[in-house]
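Subject: Structure for you to look at

Dear colleague,

I am handing over the structure we spoke about, together with some notes on what was found in it. Please read the notes with the model open beside them.

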Amino acid sequence: MGPTTLPALQTNPKFIFFTDFDGTITWQDSNDFLTDNLGYGAAERKKGNADVLSGRRHFRDLFHEMLDSIDTPFDQCIAALLQNIQLDPGFRAFFDWARANNMPIVVLSGGMEPIIRALLAHYLGEAEAATMQIVSNNVAPLPGKSINDKGGWKIVFHDDSGFGHDKSLEIRPYANLPQDQRPVLFYAGDGVSDLSAAKETDLLFAKAGRDLVTYCETEHVPFTTFNDFSDILATVKDIAEGKLSVKDAATGRK
Ligand SMILES: [Mg+2]
């Protein structure tokens, strides 16, 4: 992709904000919710997670297995998520500021796009949600079925990586732009799948108390923590107004 075709450069922004979705823009992880409540349950999922963390399994395979254990029709999965998944309480104000200040928000997610779109439209409004680029996995019907049939759908991965979605692939073309054309790149996330993305950006916001904080410390990736998007907004505002440098903002675990 050449610089002119990068979607987030269309408005010539000074800043681009890349972000994870589940557990970052939302309070809970929608895939964990579906697995725990409509699939094989939390105990099995946590056992699988421990295997991923210790390197015995790829996240991609666990994720596939988790979602395969759910045979609820896809539209009913979305309905359950709309009732149970909450938006980060600071996200609306952050989103409004980003729009008013020409900072594109790009969602990079290992989740499924129709779920992300439905939740964002529910909380922000259809037109507002449509302004955000979403790069994620998707969903497809199984042979002879519709996704809204019982046992009718499966996840379709974005790429061949062990995470199912290598988030660094999307950020790297921006990170590699010539210095005079390159916007400042931010990233927000909470989990292990965010680490590849984290290394590409200028400032990483890692959710306090989550796995990503520990990983950043181990891998020596500069970061700052956040509790909700009001923390992120305050820092991004200070940087945009020239009161704070990206370097000084990376205070680590505060
Ligand atoms: Mg997450």
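The notes below take the sheet, then the helices, and then a few single residues.

Please keep in mind throughout that this is a predicted model, so everything that follows describes computed values.

The sheet

Seven strands make up an open sheet with mixed pairing, and their order across it is β4-β3-β2-β1-β5-β6-β7. The edge positions are taken by β4 (153-156) and β7 (223-226), each of which has a single partner strand, so one side of each is left without a neighbour in the sheet. On average, and with direction ignored, neighbouring strands of this sheet are turned by 25° against each other.

Strand β1 (residues 15-19) runs parallel to strand β5 (residues 184-189), with five bridges between them, and Leu185 in β5 is the bridge partner of Ile16. Strand β2 (residues 105-112) is likewise paired in the parallel sense, with strand β3 (residues 133-141), over four bridges; here Val107 stands opposite Ile134 in β3. The pairing of β3 with β4, by contrast, is antiparallel and has four bridges, and in this pair Ala140 stands opposite Lys154 in β4.

Helices on the sheet

Helix α10 (residues 211-219) lies across β5, β6 (203-207) and β7, and runs at about 135° to β6. Helix α11 (residues 229-240) also packs on the sheet, where it touches β1, β5, β6 and β7, and its direction makes about 135° with that of β7.

Helix α6 (residues 113-124) has 12 residues, and the distance from its first C-alpha to its last is 16 Å, close to the 16 Å expected at 1.5 Å a residue. Its buried residues include Ile115, Ile116, Ala118, Leu119 and Leu120. The partners against which the buried residues of α6 pack are α1 (30-38), α4 (74-84), β2, α7 (126-130) and β3, so that both helices and strands are represented in that list. Just after α6 comes Gly125, which takes a positive phi of about 105°.

The pair α2 and α3

Two packed helices are described by the angle between their axes and the distance between the axes. For helix α2 (residues 42-53) and helix α3 (residues 59-68), the axes come within 9 Å and cross at roughly 170°, which makes α2 roughly antiparallel to α3. The contact brings Arg45, Gly48 and Val52 in α2 together with Phe59, Leu62, Glu65 and Met66 in α3, and its residues divide into four nonpolar, one polar and two charged.

The loop between α2 and α3 contains Arg56. Arg56 is exposed, because 9 other C-beta atoms lie within 10 Å, and a residue with 12 or fewer such neighbours counts as exposed.

Single residues to check

Most residues other than glycine have a negative phi. Asn12 belongs to the segment before β1 and counts as exposed, because it has 8 C-beta neighbours inside 10 Å. His220 is also a residue other than glycine with a positive phi, here near 55°. His220 lies in the loop between α10 and β7 and, because it has 7 C-beta neighbours inside 10 Å, counts as exposed.

Gly90, finally, is found in the loop between α4 and α5 (91-100). With 17 C-beta neighbours inside 10 Å, Gly90 counts as partly exposed. When residues up to four places away in sequence are left out, Gly90 touches Asp228, Phe229, Ser230 and Leu233. The C-alpha atoms of Gly90 and Ser168, which are 78 residues apart along the chain, are separated by 26 Å.

Note on methods:
Residues are numbered from 1 along each chain as its sequence is written. This is a predicted model: local features need pLDDT of at least 70, side-chain atom pairs count only at pLDDT 80 or more; totals for chains, interfaces and linings use all residues. Axes are lines fitted to C-alpha atoms, for helices over the stretch in contact, and angles run from 0 to 180 degrees between N-to-C directions. Helices (H or I, at least four residues) and strands (E, at least two) are DSSP runs, numbered from the N terminus. Angles under 35 degrees count as roughly parallel, over 145 as roughly antiparallel, 65 to 115 as roughly perpendicular and the rest as oblique. Two residues are in contact if their C-beta atoms, placed from the backbone, lie within 7 Å. Ala, Val, Leu, Ile, Met, Phe, Trp, Tyr, Cys and Pro count as nonpolar, Asp, Glu, Lys and Arg as charged, and the others, Gly among them, as polar. Two strands pair if DSSP finds at least two bridges between them. The expected span of a helix is 1.5 Å times one less than its number of residues. A residue is buried if 20 or more other C-beta atoms lie within 10 Å of its own, exposed if 12 or fewer, and partly exposed in between; C-beta atoms are placed from the backbone.
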